[in-house]
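Please keep the sequence and the structure in view while reading.

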Amino acid sequence: IGGTIVVVCTYVMEMILPQQRMALRAFFNWGSARLIITVVCYFFPDWRSASIALALIASPMIIIIIFVFPESPTWLHNKGRLTEMKESEKKMARVAG
């Protein structure tokens, strides 16, 4: 769950404008993730049910990353897929405004 939160935050940071990144850093950090985990563990004191609940909370982000967000231009550049990189950058520019 913690890895998912870090990956999603890093991926979204790559997609938004530098002026918008401060708001993302202010809200999505380890403190907010810890608060969410604490609240879930309060309602689900058993480790197994808490793990399932946290996985269900994180699953929409995984689905959004797979089906909505474009592939990372940095990764595409490193793989030599330059035409796909340009298309990904165009989609990111639309998302970022």
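## Ser88 and its surroundings

Which residues does Ser88 touch, not counting residues up to four places away in sequence? They are Pro70, Glu71, Ser72, Pro73 and Leu76, where contact means heavy atoms within 4.5 Å. Ser88 lies in helix α6, which covers residues 82–96. Helices here are DSSP runs of H or I with at least four residues, strands are runs of E with at least two, and both are numbered from the N terminus. Ser88 counts as buried because its relative accessibility is 4%. By definition, buried means under 20% relative accessible area, exposed means over 50%, and partly exposed is in between, with a 1.4 Å probe and protein chains only.

The model is predicted: local features need pLDDT of at least 70, side-chain atom pairs count only at pLDDT 80 or more, and totals for chains, interfaces and linings use all residues. Residues are numbered from 1 along each chain as its sequence is written, and side-chain values use heavy atoms, with hydrogens and water left out.

Is Lys91 buried or partly exposed? Lys91 counts as partly exposed because its relative accessibility is 30%. Leaving aside neighbours within four places in sequence, Lys91 is in contact with Val68 and Pro70.

Lys91 and Met15 are 76 residues apart in sequence, while their C-alpha atoms are 9.2 Å apart in space.

## Salt bridges

A salt bridge is defined as a side-chain nitrogen of Lys or Arg within 4 Å of a carboxyl oxygen of Asp or Glu. How many salt bridges does this rule give? The count comes to two.

One of the salt bridges joins the side chains of Arg81 and Glu84, at 2.6 Å from N to O. Arg81 counts as partly exposed because its relative accessibility is 34%. Glu84 is likewise partly exposed, since its relative accessible area is 38%.

Glu87 forms a salt bridge with Lys90, and the closest N and O atoms are 3.8 Å apart. Both Glu87 and Lys90 belong to helix α6, where three residues, about one turn of the helix, separate them. With a relative accessible area of 48%, Lys90 is therefore partly exposed.

Helix α4 runs over residues 47–67 and has 21 residues. From its first C-alpha to its last, α4 reaches 30 Å, close to the 30 Å expected at 1.5 Å a residue. The expected span is 1.5 Å times one less than the number of residues in the helix. Where does α4 have a kink? A kink of about 30° lies at Ala58, shortly before the proline Pro60. The bend at a residue is the angle between axes fitted to the seven residues ending there and the seven starting there.

The buried residues of α4 include Ala50, Ala53, Leu54 and Ala58. Ala50 counts as buried because its relative accessibility is 5%. Not counting residues up to four places away in sequence, Ala50 touches Val40, Cys41 and Phe44. Ala50 and Ile37 are 13 residues apart in sequence, with 8.4 Å between their C-alpha atoms. Leu54 is buried because its relative accessible area is 10%. The C-alpha atoms of Leu54 and Val40 are separated by 7.2 Å, although these residues are 14 residues apart along the chain.

## A nonpolar surface patch

Met61, Ile62, Ile63, Ile64, Ile66, Phe67 and Val68 make a nonpolar surface patch of about 670 Å². Patches are made of residues with over 30% relative accessible area and no salt bridge; like charges are joined within 9 Å, and nonpolar side chains (Val, Leu, Ile, Met, Phe, Trp, Tyr) within 5 Å. Accessible areas come from the Shrake-Rupley method with a 1.4 Å probe, and for residues only the protein chains shown count as cover. Among the patch residues, Ile63 lies in helix α4. Ile63 is partly exposed because its relative accessible area is 48%.

## The protein as a whole

Of its 97 residues, 24% are buried. The protein exposes about 7,200 Å², of which carbon and sulfur atoms supply 69%. Among contacts between residues at least 6 apart in sequence, 47% join residues at least 24 apart.
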